[in-house]
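Subject: Structure handed over, with notes

Hello,

Here is the structure you are taking over. Please look through it once before you read the notes.

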Amino acid sequence: MSTATYTRYELLRIVRNRRVVFFSLAFPVILFLAIAAPNRNVTDFSGTGISMPLYFMVGLAAFATMNAMLASGARIAADRAVGWNRQLRVSPLSPASYIGTKVLSGYVLAGLSILVLYACGAALGVRLPAGRWLAMTGLLLVGLIPFAALGIALGHLLTSDSISPAVGGLVGVLALLGGSWFPIGGHGFLHDLAQALPSYWLVQASHEGLGEGGWGMRGWVVMTIWTVALVALAVRAYRRDTERAA
């Protein structure tokens, strides 16, 4: 199987999976509309000076993209459960192409999530300069790199039965501690804990759309450390799974 053929198969697989489409695309939109639509005229959410539709649009963009990227782990676990990954290993498809396709499919799903949420935000009156839309989107995509590695690691460490609740719970906790749902205070234990997590900096990437957030030196250092650690974990998990299957 060629890389192009497998990539096409993987993308079609995502589109046809109703559970993936719902939780990665529909669910964040439902949450956004349920929260922001009734409060579309709130222009100073929680004393931030930011409208509620804008605040939750960017926060849910971080949540949705994180969920979309980790969903690649569920597809890997499903491949392992039916022995599909073993069949692929005896095909011309290289391990790098297999993993790269999983990452690419995660980014495609994340990109669709971003576009749908942006469209819903615009429908509720969100207006931003073009440069701010682009800066927010670009930094969000960079911020997803450690989550891509985490999804691969979980896919090779967990079973197909356990990975869905594990990913759901993990995304929920990371989104909560990252500040997707409410502003994290400027000091205290919760603030210090949040700043040590990649989800906090993913949310800060989305806050480029608010004219704030982004990453200073600390953000880049934290995300680099998490990326290196999670890539190492993903490589180790893949190798162990491959050796066990052999």
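The notes below go from the whole chain to single residues.

This is a predicted model, in which local features need pLDDT of at least 70 and side-chain atom pairs count only at pLDDT 80 or more, while totals for chains, interfaces and linings use all residues. Residues are numbered from 1 along each chain as its sequence is written, and side-chain values use heavy atoms, with hydrogens and water left out.

Whole chain

The protein chain has 11 helices and zero strands. Both kinds of element are DSSP runs numbered from the N terminus, where a helix is H or I over at least four residues and a strand is E over at least two. The radius of gyration is 18 Å, close to the 18 Å that the globule rule gives for 246 residues, so the chain is as compact as a globular protein of that length. That radius is taken over C-alpha atoms, and the rule is 2.2 Å times the number of residues to the power 0.38. Along the principal axes, the C-alpha atoms fill a box of roughly 60 × 35 × 30 Å.

Of the 246 residues, 48% are buried. Buried means under 20% relative accessible area, exposed means over 50%, and partly exposed is in between (1.4 Å probe, protein chains only). The protein chain exposes about 11,400 Å², and carbon and sulfur atoms supply 66% of that area; accessible areas come from the Shrake-Rupley method with a 1.4 Å probe, and for residues only the protein chains shown count as cover.

Contact means heavy atoms within 4.5 Å. Among the contacts with a separation of 6 or more, 76% are between residues 24 or more positions apart.

Aromatic rings

The structure holds six aromatic pairs. Rings of Phe, Tyr and Trp (its six-membered ring) pair if their centres lie within 6.5 Å; planes under 30 degrees apart count as stacked, over 60 as edge-to-face and the rest as tilted. The pair of Trp 215 and Trp 220 is edge-to-face, because the ring centres are 4.7 Å apart and the planes are at 80°. Trp 215 counts as buried at 12% relative accessibility, whereas Trp 220 is partly exposed at 40%. Ring pairs also join Phe 27, Phe 63 and Trp 181 into a cluster.

Single residues

Leu 176 is in helix α8 (residues 160-178) and is partly exposed, at 40% relative accessibility. Apart from neighbours within four places in sequence, Leu 176 contacts Trp 181, Phe 182 and Ile 184. Leu 176 and Phe 63 are 113 residues apart in sequence, yet their C-alpha atoms are 9.3 Å apart.

Gln 195 belongs to helix α9 (residues 189-195) and is buried, at 11% relative accessibility. Not counting residues up to four places away in sequence, Gln 195 touches Tyr 200, Trp 201, Arg 218 and Val 222.

Ser 199 is part of helix α10 (residues 198-206). With 1% relative accessibility, Ser 199 is buried. Leaving aside neighbours within four places in sequence, its contacts are Met 66, Phe 147, Leu 174 and Gly 178.

Gly 219 sits in helix α11 (residues 217-245) and is buried, with a relative accessible area of 0%. The C-alpha atoms of Gly 219 and Ala 205 are separated by 9.6 Å, and the two residues are 14 apart along the chain.

Regards
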